[in-house]
Amino acid sequence: MRRLAQIMLCAPVLLAGDQYFQSAEAKLDTLENNKAKPGSVITFSLQEINSWARYKIPEIVPQGIRNQRVTLGTDSGIAYALMDFLKMRHAQGKDPGWLISHLIEGERPVTISIHLQSGGGQATVDLTRVEISGATASGTVLDFLIKTFFMPLYPAAKIGEKFEIGYGIDRIDIRPTGVRVTMKP
């Protein structure tokens, strides 16, 4: 019990000491509060993205996801995590029923690959691959996962559809070393 108390007391200090998380938060604040200068470019490093994910994903999904990390390519990204879909569903206050519970319980390695196209203040994010325990999810299984786990967390998300980026952003470019956000001129 004492060890848990020490960890809980040290957590804010550790969080405050993570320069990559702080940097990512400051950049997001600049974007969200329309403080970025027209035509400017804001770059998020891979370290900033992974640090932000390490601290913020538990706030969004308090149970059932851990060891999250991202790798980047050209206009693409891959997210990795260990996920327990049953715990995630319970954290949302949902009981999926006996059959589904037995199908989705247990922690599994999950890989989600996306491709991003953007320009002119609009973007399209396409899922290119979803793997669960090494098996590719597609068709009705993939639709179920999106509807049951992703959309409740992000109800306004558009997958495979063009959407307005907002915040005065012209385009977002993903590169292996980071993500570049270019503001409208």
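Ser 113 sits in strand β4 of this predicted model. With a relative accessible area of 12%, Ser 113 is buried, because any residue under 20% counts as buried. Setting aside residues up to four places away in sequence, Ser 113 touches Gly 77, Ile 78, Asp 126, Leu 127, Thr 128 and Arg 129. Glu 131 lies 18 residues from Ser 113 along the chain, and the C-alpha atoms of the two are separated by 8.7 Å.

One of those partners, Thr 128, is worth a visit of its own. Thr 128 belongs to strand β5. Beyond its neighbours within four places in sequence, Thr 128 is in contact with Ser 113, Ile 114 and His 115. Asn 33 is another matter: 95 residues separate Thr 128 from Asn 33 along the chain, and 32 Å lie between their C-alpha atoms.

**Between the strands**

Let us follow the chain to the loop that links β4 (108–119) to β5 (122–132), where Gly 121 is found. Gly 121 is buried, at a relative accessible area of 0%. What surrounds it? Once its neighbours within four places in sequence are left aside, Gly 121 is in contact with Phe 163, Glu 164, Ile 165, Gly 166, Ile 169, Asp 170 and Lys 184. Asp 170, one of the partners of Gly 121, is found in strand β8 (residues 169–175). Asp 170 is buried, with a relative accessible area of 17%. Its contacts, leaving out neighbours within four places in sequence, are Gly 119, Gly 120, Gly 121, Gln 122, Ile 165, Thr 182, Met 183 and Lys 184. The side chain of Asp 170 also makes a polar contact of 3.5 Å with the side chain of Arg 171.

**Two helices**

Helix α3 (residues 46–60) holds Asn 50. Is Asn 50 buried or exposed? Asn 50 counts as buried, at 16% relative accessibility. Apart from neighbours within four places in sequence, Asn 50 is in contact with Arg 69 and Val 70. For Val 70, the backbone nitrogen lies 2.6 Å from a polar atom of the Asn 50 side chain.

Helix α6 covers residues 139–150, which makes twelve residues. From first C-alpha to last, α6 reaches 16 Å, close to the 16 Å expected at 1.5 Å a residue. Its buried residues are Leu 142, Leu 145, Ile 146, Thr 148 and Phe 149. What covers the buried residues of α6? The cover includes α4 (85–91), α5 (98–104) and β5.

Most residues other than glycine have a negative phi. Asn 34 and Asp 75 both have a positive one. For Asn 34, phi is near 55°, and the residue is found in the loop between α2 (19–32) and β1 (41–45). Asn 34 counts as exposed, at 56% relative accessibility, because the exposed class takes in values over 50%.

Asp 75 has a phi of about 60° and lies in the loop between β2 (65–72) and β3 (76–83). At 24% relative accessibility, Asp 75 counts as partly exposed.

The table gathers the relative accessibility of the residues visited here.

| Residue | Relative accessibility | Class |
|---|---|---|
| Gly 121 | 0% | buried |
| Ser 113 | 12% | buried |
| Asn 50 | 16% | buried |
| Asp 170 | 17% | buried |
| Asp 75 | 24% | partly exposed |
| Asn 34 | 56% | exposed |

**The whole protein**

Stepping back, the secondary structure of the protein comes to six helices and nine strands. The C-alpha trace spans about 55 × 50 × 25 Å along its principal axes. Of the 185 residues in the protein, 31% are buried.

As for charge, the protein has 21 positive and 18 negative charges, and their mean positions are 3 Å apart.

Methods:
Residues numbered from 1 in each chain as written. Predicted model: local features only at pLDDT ≥ 70, side-chain atom pairs only at ≥ 80, totals over all residues. Heavy atoms only, no water. Helix = DSSP H or I, 4+ residues; strand = E, 2+ residues; numbered from the N terminus. Buried < 20%, exposed > 50% of the residue type's maximum accessible area, 1.4 Å probe, protein only. Contact = heavy atoms within 4.5 Å. Expected span 1.5 Å × (residues − 1). Lys, Arg positive; Asp, Glu negative; His and termini not counted. Charge placed at Lys NZ, Arg CZ, Asp CG, Glu CD. Polar contact = N/O pair within 3.5 Å; in protein donor to acceptor, adjacent residues only side chain to side chain.
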